[in-house]
Amino acid sequence: MSIIGISKHWNNKLLPPLDNITDKLSLDPSAIESASQDFGHIVKSIPKAVLQPSSIADIASLINFSYNSSIPFTIAAKGHGHSVRGQAMASDGVVVNMTSMKKHRNGTGIWVSNDGVYADVGGEQLWIDVLNATLKHGVAPVSWTDYLYLTVGGTLSNGGISGQSFRYGPQISNVYEMDVITAFTRDQELLISINGRHDSHALDYLEGSLLMDHGSPDNWRSSFFPPKHHPKITSSITNHRIIYCLEVVKHYDDQTQNTVDKELEQLLKGLSYMPGFMFEKDVLYAEFLNRVLRGELKARSEGLWDVPHPWLNLFIPKSQIEGFNDGVFKGIVLERNITTGPVLVYPMNRKKWDDRMSAVIPDEEIFYTVGFLHSSGFDDWEAFDDQNKEILKFCEDAGIGVKQYLPHFTSKDEWVHHFGSKWETFQQRKFQFDPKMILSPGQRIFNNN
């Protein structure tokens, strides 16, 4: 299956007059309310207005308008609103509703090259739409997130990770080029080239998770376990308290359908797992990638989707994952006995990441992603937040070189410590492309108030 590079496309048109942009700012209470919250349902920050852009030129015009104002206002881009700590909010500023561009012809859309080597995709597009559009040409990107109803711009701005990342790197490492709008430049910047050829006999997806006492083995992000086996899985969880689950995927087509079972058998040879606890499922490619939708619909029907999500995502060096397992999974998590959502654990290859990106990862060649994907009530989310803080404190005291993915900090000193040796470069880029500090205030890196 061909590799596709994803780009955010800049259409180099003349900007509309600056005073016209105010006509596209919405003060509608429902638009303001929607822009004031996100998937996390923990932070609420009210903007003055919401921009409903019909083209990229509208966004550039808004940025220029703020930059040239005597009192610049902050601007935040919001896609599908899946942030969990207000990263896509702009208190007293303007939130740009990126998905608005999908309604207009001037939006950047999704275009697949004739040879299927790459796709040109607007940052406002959802990954599920990218999947459907590329499959029509018999190709698809190789690196994904578990949940496909996120915008391309949203995941690329953070990296974009899932079970394919160990092999293909994060989504951002599979981008040919990206065009960026700032206050200063419209020039195209080549970011990252796709890695070379990949071994066709390797696994295509690898993701681990923890099953614990509190939740169904068939949680919202996976429908892998056959219902008839739920009782024995639940019984094993009760006996052992924690079950470590490994999920692997091998793609095949008409040419390889007769050999895929043998290949998979060879790839899994030597694994240690409980007899009788290996389950197989054969599904269409798109069905696998879009598997989380089923869980979302179930959660929505049970009132468990539009609730607080105090998530914690960490990168753990390979050399310290056992200490993390003993102190966090078998210690803090079991002692607190509150974790109900999915807990993901899966490896990454550092060589698949580019040091030029701002995402911070451990120094070791192999590191693990650990994701606590909590859902809670509006009156008890702080208990999960306290557990997150205890986990981070344990890592600090134990000398575990943990780095946060999608971090949330409240002071500049914490951000400087997080970025480490990348801070100076990160800060220089901010000064170069956003000197008045008007973009993405919800991250609270340079707008820490």
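These legends describe close-up views of a predicted model of one protein chain.

**Figure 1. Overview of the protein chain, with 13 helices and 15 strands.** The chain has 449 residues, and 54% of them count as buried. Its exposed surface comes to about 21,700 Å². Carbon and sulfur atoms supply 51% of that area. Among contacts with a separation of 6 or more, 72% join residues 24 or more positions apart.

**Figure 2. The largest nonpolar core, with 43 residues.** Trp127, Leu131, Trp144, Leu148 and Trp353 have the most contacts inside this core. Two or more residues each come from β7 (119-121), α3 (127-135), α4 (152-156), α8 (285-289), α9 (292-301) and β13 (343-349). Helix α3 gives the largest share, four residues. In soluble globular proteins, nonpolar side chains tend to be buried together.

**Figure 3. Surroundings of tryptophan 353.** Neighbours within four places in sequence are left aside here. Tryptophan 353 is then in contact with Ile161, Pro170, Ser173, Phe315, Met348, Ala359, Ile361 and Phe367.

**Figure 4. The ring pair of tryptophan 127 and tryptophan 144.** The count of aromatic pairs in the model comes to 24. In the pair shown, the ring centres are 5.9 Å apart and the planes meet at 70°. Planes over 60 degrees apart count as edge-to-face, so this pair is edge-to-face. Tryptophan 127 belongs to helix α3, while tryptophan 144 is in the loop between α3 and α4. The two residues are 17 residues apart, and the pair links distant parts of the chain. Both tryptophan 127 and tryptophan 144 are buried.

**Figure 5. The ring pair of phenylalanine 431 and phenylalanine 446.** These ring centres are 6.4 Å apart. The planes are at 55°, so the pair is tilted. Phenylalanine 431 lies in helix α13 (residues 423-433), and phenylalanine 446 in the segment after α13. The pair therefore ties together parts that are 15 residues apart in sequence. Is phenylalanine 431 buried or partly exposed? Its relative accessibility is 42%, so phenylalanine 431 counts as partly exposed. Both phenylalanines belong to one aromatic cluster, together with Phe409, Trp415, Phe419, Trp423 and Phe426.

**Figure 6. Charged ends over the rings of phenylalanine 277 and phenylalanine 288.** The charged end of lysine 232 sits over the ring of phenylalanine 277. It is 4.8 Å from the ring centre. Arginine 291 places its charged end over the ring of phenylalanine 288. Here the distance to the ring centre is 4.2 Å.

**Figure 7. Glycine 208 in strand β10 (residues 205-212).** Glycine 208 has 4% relative accessibility, so it counts as buried. Its C-alpha atom is 8.3 Å from that of glycine 163. Neighbours within four places aside, glycine 208 is in contact with Cys245, Leu246, Val343, Leu344, Val345 and Tyr346.

**Figure 8. Methionine 98 in the loop between β5 and β6 (110-112).** At 15% relative accessibility, methionine 98 falls under the 20% limit and so counts as buried. The C-alpha atoms of methionine 98 and glutamate 124 are separated by 5.1 Å. The two residues are 26 residues apart along the chain. With neighbours within four places left aside, the contacts of methionine 98 are Ile59, Ala77, Lys78, Gly79 and Glu124.

**Figure 9. Positive phi at aspartate 92 and arginine 444.** Most residues other than glycine have a negative phi. Aspartate 92 has a positive phi of about 60°. It is found in the loop between β4 (75-78) and β5 (94-97). Arginine 444 also has a positive value, near 55°. This arginine lies in the segment after α13. Its relative accessibility is 24%, so arginine 444 counts as partly exposed.

How values were computed
Residues numbered from 1 in each chain as written. Predicted model: local features only at pLDDT ≥ 70, side-chain atom pairs only at ≥ 80, totals over all residues. Heavy atoms only, no water. Buried < 20%, exposed > 50% of the residue type's maximum accessible area, 1.4 Å probe, protein only. Contact = heavy atoms within 4.5 Å. Areas by Shrake-Rupley, 256 points an atom, 1.4 Å probe, with all protein chains shown as cover. Core = buried A, V, L, I, M, F, W, Y, C linked by side-chain atoms within 4.5 Å. Phe/Tyr/Trp six-rings, centres within 6.5 Å; stacked < 30°, edge-to-face > 60°. Lys NZ or Arg CZ within 6 Å of the ring centre and 35° of its normal.
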